[in-house]
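Here is a friendly tour of one protein model, written for someone who likes to think in rings, pockets and contacts. Have the viewer open as you read.

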Amino acid sequence: MKKRYLFIWLCLIIMLIRISPTAASGYEQYFADFAAVSTLAEAEAAGYEIAGTNHIIAGFETAGFNGECTVYPMINRSFGRVALFFADGEGNVLYKTENLECNYFLADSLYQPNTDIIAISVRDINEDGLPDLLLLSRCLHDGKKFKIGDIVYQGQDTFYRDWRVSDNINRFSMNKDIEMMAAFAHDGQSTEFLYRATTLDELTDGGFVLLKDQIFNAEFEKFGTVRVIPGEYRMSVQYIFILYLVNSDGQIVWNFQGMRDYDNFGWMSGISFKDVDGDGWADLSILANYKSFDENNKTYDAIDFSIYYQRDGYFFEDQDFHEVFLPELTGTEVMDDIVQAARKYWGW
């Protein structure tokens, strides 16, 4: 038995020896090619492509050059990585960086899921008199589309990132648009309390607005009688929708984030507390209207639903029925239409 384990370990070591140099050489070659870029033409030859019309002209004073230049966010289509190239009027690259949040989504991977640059903006976020850059990228990974926001600060002869700022922007869904990112990093507004609050008072004190006409009491297996409280929070021009379960002591015992990756909450069309999958326990279903942006950054309205199945001590969000039924929605459905279709799907 010991010899067998020793043989397995030797095989793993041999595999690592064979794979590691290749992976390392891939990184080395990529960054060597990036370091060698000195013109926009060379950037394109190295596999970078200007992301649509999202470039911006601005004046920078300290980043190793003075005067006005154009900032081009570009994507390397072979690796899905984003880079910023600061170029003069003749296309000479004055400064470049690819140290961006969107290039760290897949840990320890040269390949990243960036597909487009949604927006870029220049603002003095930290009020030091130097303009900074706000960047928003669109990503696609495992069939899911999402955004990654980042802020690149101008320093003395360089640009730098504060990973804590970027982490909060993306961790707490403050990456819907540039204005939302600026509201956090410049104005100090944040959605973090929506996810960390332990009481209803903390929510309302933070500006969470209850949708009072949709609140009701319900009996859940694990929590007993609770209030089902949906509400919204405005940040910049965006509205975030979350639904909470609150016990008689005002303690939050669960939250549901049915908004998914939509950009803006419109209104909740309906809510249901009925058994959907036929196990004898009532489930929570939500139907709501949202707003989002298409591939051309045009706003569109969307109707979507979420079903949370009650289990012994927890909730399980539906995936199977949602995937089947969502494409069939016409926008005229009411909550009971969703519940009945789900029951039919589960065979009762």
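## Aromatic pairs

A search of the whole structure, which is a predicted model, finds 32 aromatic pairs. A pair of aromatic rings is described by the distance of the centres and the angle of the planes. Two of the pairs are set out below.

| Pair | Centre to centre | Angle between planes | Geometry |
|---|---|---|---|
| Phe208 and Tyr244 | 5.3 Å | 90° | edge-to-face |
| Phe223 and Phe315 | 6.3 Å | 20° | stacked |

Where do the partners Phe208 and Tyr244 lie? Phe208 sits in the loop between helix H6 (200-205) and strand S10 (209-210), while Tyr244 belongs to strand S13, so this pair ties together parts that are 36 residues apart in sequence. Phe208 and Tyr244 are both buried.

## The largest pocket

Next, the pocket. The largest pocket has a volume of about 1,300 Å³. Its lining consists of 38 residues, and those closest to the centre are Lys145, Met259, Arg260, Asp261 and Tyr262. How do the lining residues divide into nonpolar, polar and charged? There are 14 nonpolar, 9 polar and 15 charged residues.

## Helix H8 and its cover

Helix H8 spans residues 335-345, and its buried residues are Met335, Ile338, Val339, Ala341, Ala342 and Arg343. What covers these buried residues includes strand S15 (264-274), S16, S17 and H7. After H8 comes Gly347, with a positive phi near 85°.

## A buried serine

Finally, have a look at Ser121 in strand S6 (residues 114-123). Is Ser121 buried or exposed? Ser121 counts as buried because its relative accessibility is 12%. Its side chain makes a polar contact of 3.1 Å with the side chain of Arg123. Leaving aside neighbours within four places in sequence, Ser121 is in contact with Ile56, Asp132, Leu133, Leu134 and Ile178.

Definitions and conventions: Residues numbered from 1 in each chain as written. Predicted model: local features only at pLDDT ≥ 70, side-chain atom pairs only at ≥ 80, totals over all residues. Heavy atoms only, no water. 1 Å grid on protein atoms, 1.4 Å probe; cavity = no way out; pocket = protein on both sides within 12 Å on 5 of 7 lines; lining within 4 Å. Points joined across faces, edges and corners; volume = space filled by probe spheres on them. Nonpolar A, V, L, I, M, F, W, Y, C, P; charged D, E, K, R; others polar. Buried < 20%, exposed > 50% of the residue type's maximum accessible area, 1.4 Å probe, protein only. Helix = DSSP H or I, 4+ residues; strand = E, 2+ residues; numbered from the N terminus. Contact = heavy atoms within 4.5 Å. Polar contact = N/O pair within 3.5 Å; in protein donor to acceptor, adjacent residues only side chain to side chain. Phe/Tyr/Trp six-rings, centres within 6.5 Å; stacked < 30°, edge-to-face > 60°.
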